[in-house]
Amino acid sequence: MKLGIQRMKRVSATATVALTAGAVIAGSAFASTAQAAAPPVPKIVAKGGFVMNNGTGKTLFTKAADTRRSTGSTTKIMTARVVLAQKGLNLDSKVTVQKAYSDYIVAKGGSSARLIVGDKVTVRQLLYGLMLPSGCDAAYALADKFGSGSTRAARVKSFIGKMNSTAKTLGMTNTHFDSFDGISNGSNYSTPRDLTKLASSAMKYSTFRAVVKTKSTKQKVTTNTGGSRYMSWTNTNKLLGTYSGAIGVKTGSGPTAKYCLVFAATRNGKTVIGTVLTSTSEATRTADAKKLMDYGFKK
């Protein structure tokens, strides 16, 4: 009888050890899974940031995502979005470059696509000039072309009105535009969340996607004498070619805006898209964006 009891105790002890070991293994496996599912939240230099899964719309990261800030040339995403939404848009229709566009660049000290007065450029080419070298002259030409009115001032005002009505339609509740290019008159602002919404909407247009993923381009334009010349433009977005899967979107900078970047990348069928506003330099805005995309792909 005593021998039977001792055997029962040994079996019970063995079972307890096995159960305990199993619990430890299961617990460590659970901890490992939890750790893999929750990567450390990145710290960014930018004052504001937002990232989402472009396929599902799920928010992946926020930092002062709804705080209004100056946006610099990321404004030009809306310029392109308004143009691409025009009914019956002909991307190959030509626009004659006016002296007013180059005078504006000089007066404002704006970034330029180096458009030459008298040249005839297509709407498609203006979109490249707008988004790659961030040409404020290209932005002016597009606003003049697609605004309504009998004077240039009226057409520009009309175009900016379209930018604001589009923002409202897209649910950009903390956004207002007072310019076609981001050179603000004091009330041009948005937020990381709103700009990401805008970029997500713009990326639905195949022309927009083709333009913003282009590192550089050489475009043949018609001169005022009927001849031709080539315009070469390089994208200011340093993510292209340096970050695996990068597909856009737009840089921005300015005295108030500091350094901004709206970014997007696709890996294994997943696209993350986001914005950083008010970073401290070109290098930090790029580094911020890379951190946030790395994080977004792990989420």
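I began with helix α2, residues 76-84, and found it mostly covered, since nine of its nine residues are buried (buried means under 20% relative accessible area, exposed over 50% and partly exposed in between, with a 1.4 Å probe and protein chains only; helices are DSSP runs of H or I with at least four residues, strands are runs of E with at least two, and both are numbered from the N terminus). The buried residues of α2 include K76 and R81 as well as I77, M78, V82, V83 and L84.

I note that this is a predicted model, in which local features need pLDDT of at least 70 and side-chain atom pairs count only at pLDDT 80 or more, whereas totals for chains, interfaces and linings use all residues. Residues are numbered from 1 along each chain as its sequence is written, and side-chain values use heavy atoms, with hydrogens and water left out.

Next I looked up aromatic pairs, and a search of the whole structure gave five (rings of Phe, Tyr and Trp, the last by its six-membered ring, pair if their centres lie within 6.5 Å; planes under 30 degrees apart count as stacked, over 60 as edge-to-face and the rest as tilted). Because Y101 belongs to helix α3 (residues 99-108) and Y140 to helix α5 (residues 136-146), the pair ties together parts that are 39 residues apart in sequence. Y101 is buried at a relative accessible area of 2%, and Y140 is buried at 13%.

I then turned to Y104 and F180, an aromatic pair that is also tilted, with 5.4 Å centre to centre and 45 degrees between the planes. Y104 lies in helix α3 and F180 in the loop between α6 (152-169) and α7 (192-202), so this pair ties together parts that are 76 residues apart in sequence. For Y104 I read a relative accessible area of 15%, which is buried, and for F180, buried as well, 5%. Ring pairs link Y101, Y104, Y140 and F180 into a cluster.

Of its 299 residues, 48% count as buried. Among contacts with a separation of 6 or more, 62% are between residues 24 or more positions apart (contact means heavy atoms within 4.5 Å).
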